[in-house]
Amino acid sequence: MSELKKLERSEVSITGEIPVEQFEIFRPKAIKNISENLEIPGFRKGKVPENIIVQKLGEEKILYEMAELALGESYPALLAEHNIDPLGRPDIRITKIAKGSPLGFVITVAVVPEVKLPDYKKIAVEIAAEKEEVVEVSEKEVSEAIENIRKQTAQQSKSGGELPIFDDGFVKKLGSYENVTDFKIKLKDHLVREKTDRARSKKRMKIIDRILVETEITVPKIVVEEELNKMMEQFKGDVARMEARFEEYLKQAGKTEEDMRKEFAPDAEKRSKIEFILHNIASQEKIVPSTDEIEKEIAHILKHHKDADPVRARAYVTNIITNEKVLQFLENQRVSQ
């Protein structure tokens, strides 16, 4: 028998007991496990008698080993009984434990949150109908980009920082360009594509932000913490790529790592909510990436990261492609309405 109770932040608790006769079934296995890791003069590992274990370690040691085994076996059945979709590891608290008695417990676990979406298609249509941002690249922007390229080239060369002459010879060294005119045309096209991508991302984010505001969702703490950990690791990697130590960065900024986590926390919660929103839209609209799309991206990852875990790579790729398809679906609503 067990009882389910809903808690705050998309957590639930399961309170119950394992009957004494069911609990006692795990005693031989518990004794064997303890014996295999116990060194006592005169006895081989795995062959220490029960009475000696009780004498040396106490009855409580056996009972808690029994509890771990019993709850480990019962947990999946409890999830199925209450139709729980868990997130992360559960927190298990023993409330009653004694020889010859039932095992009392309380299990607290985060669950997949309920997401009440607004009319996301209507929102997407309204934002898509707004006036498009005009994408233009001026000659001044092209000139500034050229100057930046010259500066970067000078920094990477042994010319002592002297800017290289911008001529046909220079651009040919940069790639397959015929001359300065050809380079400028292609550079301008590149800058237009960059601006177009930024404008597209901006509109996408506007759609998502509006959906987020009108969505009812509470994300479990464990999910936000996991996202926060990812953000911190990414930030540390960014600092390392600047050839700086994270500790030195914190010192210069006058902050602690905990300060950084507090600053990142709102964004971590927002990212977590958006992830659930995209997942729910994908589910409702039956948006699923093809096997070919997934396999192609996995092959690319494993080719460039030979030590990558294929299982994690598949989950990562599936999520990224699915999210991209959802965003495409939303931004194209003006076509289908």
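Colleague: What share of the contacts in the protein with a separation of 6 or more comes from residues 24 or more positions apart?
Modeller: Such residues account for 68% of those contacts, where contact means heavy atoms within 4.5 Å. Please note that this is a predicted model, in which local features need pLDDT of at least 70 and side-chain atom pairs count only at pLDDT 80 or more, while totals for chains, interfaces and linings use all residues. Residues are numbered from 1 along each chain as its sequence is written, and side-chain values use heavy atoms, without hydrogens and water.

Colleague: Which residues touch the most other members of the largest nonpolar core?
Modeller: They are L117, I211, F264, F276, I281, V326 and L330, in a core of 36 residues. A nonpolar core is a set of buried Ala, Val, Leu, Ile, Met, Phe, Trp, Tyr and Cys residues joined through side-chain atoms within 4.5 Å; buried means under 20% relative accessible area with a 1.4 Å probe, protein chains only.

Colleague: And which element gives the most to this core?
Modeller: That is α11, with nine residues. Elements giving two or more residues include α8 (180–213) and α11 (257–285).

Colleague: What does F264 contact, neighbours within four places in sequence aside?
Modeller: F264 is in contact with L228, M231, M232 and F235. A second, separate core of 28 residues includes I53, L63, L79 and F105.

Colleague: On another topic, what are the spans along the principal axes?
Modeller: The C-alpha trace spans about 90 × 55 × 45 Å. Buried residues make up 34% of the 337 residues.

Notes. Buried means under 20% relative accessible area, exposed over 50%, partly exposed in between (1.4 Å probe, protein chains only). Helices (H or I, at least four residues) and strands (E, at least two) are DSSP runs, numbered from the N terminus.
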